[in-house]
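Here is a briefing on a ligand site.

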Amino acid sequence: MIIVSGTASEVLGIKVAREMQKTKSKIEIKRFPDGEKYVRVLDPVAGEEVAVIQSFYRTPDEFLFEYFLIVDALKGSDAKRIIAVFPYFAYARQDERFKPGEALSLESVIKLIESVGTNEVYTIDMHLHRVADIGKAFGIPAYNLSAVPEIARYIKRNFELKEPAVLGPDEESEQWARVAAKELGANYDILEKKRLSAEKIEIKPRSLEVKGKDVVLIDDMISTGGTLAEAIKIIRKEGARRVIAACSHAVLVENAYTRIFEAGADYLVSTDTVPSPVSYVSVAGLIADALRNRLAKRKGG
Ligand code: R5P
């Protein structure tokens, strides 16, 4: 298998290739003076299975479109099979037409990914709320991996947790809170969140038992930081000893990073699906394992 990456996941691509004892194959990606992107495959890929690693953060449209050009370049160079690895998959939030007239973004993006000739998809902690199974959303084989066990193990190794408790900031985060709690040998609970707009949310406190505890607050992603900041304020008010905020995707738009600490977090831990100052946990091993296991399955091993 050949490993390549788009510009959004250059370093992660190198790490995945290294985990698989390979060297990442070269792709030239540059811009024409008018802003159009140019993509050229530089290493031979004919007859090969190629894993393309590309996250869709901060400028998701750009990186999505770049992915399409990479696939075109690979197919034009006779690659046999395209295995897409989207560590952070944008556009998953709009998985329903909530208001009349809205675009169903997730479905459109999936159609585009399939139409360019992608054969298989891997994502990590995709924002699956109303769509329970990514395999059903795609018409091609698609798998959602989770970085949460690795995040929890990192927290266990690096913070001497005293009376740990795990919290999710909203109903949907139950899936991540449950897994983290299991790894940490702790209890978990979730808060009640109401989204008023893309930037404004309201979180209702519950009868939380966090006094004197080390609280691990976990969510799939931090965008504006509003969700976690509100949750952190409540946890602090209830007398937690320390608050360790964690997420798989630290998209961290605008002042999200500052906002989390201003709200009272002691630490913030994330992965490198989105490169950030808090990408302490690498998902390279998780991706490499998935690609290796897939090869083993195909070989009948
Ligand atoms: C929402 O359901 C997600 O799981 C996150 O809680 C949300 O996307 C985070 O966004 P923000 O950081 O802007 O509150």
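A polar contact is a pair of N or O atoms within 3.5 Å; within protein, one must be able to donate a hydrogen and the other to accept it, and residues adjacent in sequence count only if both atoms are side-chain atoms. The model is predicted: local features need pLDDT of at least 70, side-chain atom pairs count only at pLDDT 80 or more, and totals for chains, interfaces and linings use all residues. Residues are numbered from 1 along each chain as its sequence is written, and side-chain values use heavy atoms, leaving out hydrogens and water.

- Thr-227 places a side-chain N or O atom 2.5 Å from a ligand oxygen.
- For Asp-220, the side-chain N or O atom is 2.6 Å from an oxygen of the ligand.
- Arg-93 has a polar side-chain atom 3.2 Å from a ligand oxygen.

**Burial**
- The ligand alone exposes 380 Å², and the protein buries 96% of that (Shrake-Rupley method, 1.4 Å probe).

**Shell**
- The ligand is surrounded by 15 residues (a heavy atom within 4 Å).
- Asp-219, Asp-220, Thr-224, Gly-225 and Thr-227 are the closest.
- By class, two are nonpolar, seven polar and six charged (Gly counts as polar; Asp, Glu, Lys and Arg as charged).
- Strand 12 gives the largest share, four residues (strands are DSSP E runs of at least two residues).
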